[in-house]
Amino acid sequence: MTDNEIVQLYLDRDETAITETKQSYGKLLQSIAFNILQNKQDAEECENEACLKAWNSIPPNKPSKLCAYLCKIARRLALDRYDYNTAAKRGAALSLDELEGCIASAGGAEDRLTETALAELLNGFLAKSDYNTRVIFMRRYWFGESLSQIAKELHASESMVKSRISRTLKKLREYLRKEGYDI
């Protein structure tokens, strides 16, 4: 079933939309959640919650890219669950901690980038990057994959991936400074 057909099922309030969503995207949604949470049961719950959120948000929303829409929901749910599970600990996943040197402000909350502004800056940065850099960056910071997972998928060494990430973060800091965001 195509994405447009699945979205139409949601719009028609047909409960088979959830079944079709799980069949088409269930493993991907669980994978995203598992990479953040490292817990199979929590990942399965995030998949179910993502389907429920899609059910409750379509309509009024009508996503043009259902996969991206669902992935964003699952990722947000997993990050929220991670924050809840580690409330007494640091508030972000390890891979996101790596980005703090680029996107966290030295000032107060009022100096921080809005989520929309940050997304625009990151999209601009990634658009100017080569394909492999974009893939590694997205796998690490969007899908939450480990260095070893990325290396395995790209048939590369873990040290190459680590080196590429380090260089990318350095370039990102420089890019953000040029765009007027001082770290």
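Q: How are helices H7 and H9 oriented to each other?
A: Two packed helices are described by the angle between their axes and the distance between the axes. In this predicted model, the axes of H7 (residues 131-141) and H9 (residues 158-178) come within 10 Å and cross at roughly 95 degrees. H7 and H9 are therefore roughly perpendicular, a label for angles of 65 to 115 degrees. Axes are lines fitted to C-alpha atoms over the stretch in contact, with angles from 0 to 180 degrees between N-to-C directions; helices are DSSP runs (H or I) of at least four residues, numbered from the N terminus.

Q: Which residues of H7 and H9 meet?
A: Contact means heavy atoms within 4.5 Å. Among the residues involved, Ile136 and Phe137 belong to H7, and Ile165 and Leu169 to H9.

Q: Which residues have the most contacts inside the largest nonpolar core?
A: In soluble globular proteins, nonpolar side chains tend to be buried together. A nonpolar core joins buried Ala, Val, Leu, Ile, Met, Phe, Trp, Tyr and Cys residues through side-chain atoms within 4.5 Å; buried means under 20% relative accessible area (1.4 Å probe, protein chains only). The largest core has 27 residues, and Tyr10, Leu29, Leu37, Ile58 and Leu66 have the most contacts inside it. H4 gives the most, with 10 residues.

Q: Is Thr21 buried or exposed?
A: Thr21 counts as buried, at 0% relative accessibility.

Q: What conventions apply?
A: Residues are numbered from 1 along each chain as its sequence is written. Local features need pLDDT of at least 70 and side-chain atom pairs 80 or more, while totals for chains, interfaces and linings use all residues, and side-chain values use heavy atoms, without hydrogens and water.

Conventions
Buried means under 20% relative accessible area, exposed over 50%, partly exposed in between (1.4 Å probe, protein chains only). Helices (H or I, at least four residues) and strands (E, at least two) are DSSP runs, numbered from the N terminus. Angles under 35 degrees count as roughly parallel, over 145 as roughly antiparallel, 65 to 115 as roughly perpendicular and the rest as oblique.
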